[in-house]
Amino acid sequence: MTFYDRGTILPGLIIGLCLFLSPFIYNGGKAGKAPVPELTPKAKEAKQCVAPKPYMTAWHMQLLDNWRQEVVREGSRYFNANQDLWWNNQFDGQLLEKWRRFITSSDASTPGATGKTYYKSLQVTCMECHSNKSKFCDECHNYLGVSPYCWDCHVQPKEDKQ
Amino acid sequence: MTVDRRKFLKIAGLSAAFGLGGKTAVDIFAPGELFASAGSAVPVATNQKKWAMVIDMKKCLEEQEKGKCNQCMAACHRVHNVPNFGDNIKEEMKWIWQESYEHLFPSQHNEFISEDVKEKPFIALCNHCENPPCCRVCPTKSTWRREDGVVMMDLHRCIGCRFCMAACPFGSRSFNWGDPRKAPKELNPDFPTNMNYPTRTKGVVEKCNFCDERLGVGKIPVCVETCQNINVHALIFGDLNDPASEIRKLLHSRYSIRRKTELGTEPKVYYLI
């Protein structure tokens, strides 16, 4: 068997492979650091979001989706953190069970919902505390490669350019 | 087997009778409600509100003649982040707007009509019809009539097909041909003007929502509130199901007209002339 043009092909293959692997080599085989949402002083002071933190981390999108459905479709504009959360049949059984396991295993010390009533609004209620969209929302969303289209319509709070 | 003419006719007759007796016959002779008119069959609870508006055009025109009043429109557009596209009619966003009497009431117009109304700028907004054609044609159910009578829009779901615009006989719906945030800056300083209300995105239809976001927290529509605040009281908002409400009393005591009632959409915006 004759290997034609080996002088060109072999170095080419090696260079190609190096280029392909360069991002992995550059990062030393480690994953990039996951960003942690940054809390504003106001959010820190409040201590408690509309639901416990692990819940919000995992399911804020479902919560927002439910809010949108309830506000727009059913005209229900207030959210009671005790009554309206997961134990009130808002989610299907599977999600409920997942959530139960989640809260009992990973972070049982998280304080429960406060029972306070909130106005269901991303733009008014959420962004009042989390007024730092670029640090609180975008960093994580960019890291995970998700691009929610909330801000096509909803007005984001003005942030001080640092 | 041979079938003679007589036997064949018997069988055919019996089959036809059997066929007609089935579901087909019911459908042919006693058709159920057509899908197109199904919109009106909404059960009304005893304490169900039915929001409606009365526009006292006498007071409104008086105020307009005094000083070009446009407070209701300005307030609505400010609160709902409705952009101004200037003279470009194609891109005009209509939530509440002015239109001549002839255009609003084409069937009521005649050449000898009173000077009190002739070519006078009337106020128009979405009629929040009881039998809204826009809702019947919407393929994504992104517009529908709520039980309290408000014809709502779910802008998250609108795909911008503009069927509703074609269906609405009142021209109450507008399409976002471009991003409303890119409206001319000189006409829209500090847009969005209300940081507590969303704007729209390119490619959705929008219209007056009877201030659903204010009704939800126990307030009246902002146009009505503004009209009251400047002490004109030309716009009156209330519950049609409540016999003691101001609008019911007004409708009882004064003669009112509505737009294009012959179309059967049952508008809920009443005009006192």
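## Briefing on a predicted two-chain model

Over residues 105–113 of chain A, pLDDT stays under 50, and for this stretch the model has 14 contacts beyond four places in sequence. Where pLDDT is low, the predicted coordinates should not be read in detail.

**Chain A: confidence and layout**

- The mean pLDDT of chain A is 80, with 77% of its residues reaching 70 or more.
- Among the elements of chain A, the lowest mean pLDDT, 58, belongs to helix α4 (residues 93–105), whereas the highest, 92, belongs to helix α1 (residues 6–26).
- Chain A is built from six helices and two strands, and read from the N terminus these elements follow the order α-α-α-β-α-β-α-α.
- Of the 162 residues in chain A, 12% are buried.
- When the contacts in chain A with a separation of 6 or more are considered, 83% of them come from residues 24 or more positions apart.
- The loop between α1 and α2 (41–46) of chain A holds G29(A), which counts as exposed because it has 7 C-beta neighbours inside 10 Å.
- G29(A) lies 21 Å from C140(A), C-alpha to C-alpha, and 111 residues separate the two in sequence.

**The contact between chains A and B**

- Chain A contributes 11 residues to the contact and chain B contributes 13 residues.
- On the side of chain A that touches chain B, α3 (53–74) and α5 (122–129) of chain A each supply at least two residues, and the largest share, three residues, comes from α3(A).
- Sorted by class, this side of chain A has four nonpolar, three polar and four charged residues.

**The sheet of chain B**

- Four strands of chain B form an open sheet in the order β8-β1-β10-β9, and its pairing is mixed.
- The edges of this sheet are β8 and β9 (256–257) of chain B, each of which pairs on one side only.
- Strand β1 (residues 51–56) of chain B runs antiparallel to strand β8 (residues 235–239) of chain B, to which five bridges join it, and in this pairing I55(B) stands opposite L235(B).
- With strand β10 (residues 269–272) of chain B, β1(B) pairs in the parallel sense over four bridges, and here D56(B) stands opposite L272(B).
- The antiparallel pair of β9(B) and β10(B) is joined by two bridges, with S256(B) opposite L272(B) of β10(B).

**Burial of strand β1(B)**

- Because six of the six residues of β1(B) are buried, this strand is largely enclosed by the rest of the structure.
- The buried side chains of β1(B) are divided between two directions, W51(B), M53(B) and I55(B) pointing one way and A52(B), V54(B) and D56(B) the other way.

- In helix α3 (residues 57–67) of chain B, the residues M57(B), C60(B) and L61(B) are buried; seen down the axis of α3(B), its buried residues fall within an arc of 95 degrees, so they line one face of the helix.
- Among the elements that cover the buried residues of α3(B) are β1, β3 (121–125) and β10 of chain B.
- The exposed residues K66(B) and G67(B) are carried on the face of α3(B) turned away from its buried side.
- K68(B), which follows α3(B), has a positive phi, near 50 degrees.
- Helix α10 (residues 246–253) of chain B lies across β1, β8, β9 and β10 of chain B, and it runs at about 110 degrees to β8(B).

**The loop residue Q48(B)**

- Q48(B) sits in the loop between α2 (23–29) and β1 of chain B, and because it has 13 C-beta neighbours inside 10 Å, Q48(B) counts as partly exposed.
- Apart from its neighbours within four places in sequence, Q48(B) is in contact with E147(B), D148(B) and N241(B).
- For Q48(B) and N241(B), a separation of 193 residues in sequence goes with a C-alpha to C-alpha distance of 7.3 Å.

How values were computed
Residues numbered from 1 in each chain as written. Chains lettered and ligands numbered in written order. Buried ≥ 20, exposed ≤ 12 C-beta atoms within 10 Å, placed from the backbone. Contact = placed C-beta atoms within 7 Å. Pairing = 2+ DSSP bridges. Nonpolar A, V, L, I, M, F, W, Y, C, P; charged D, E, K, R; others polar. Axes fitted to C-alpha atoms, helices over the stretch in contact; angles between N-to-C directions. pLDDT = per-residue confidence, 0-100. Arc of directions from axis to C-beta.
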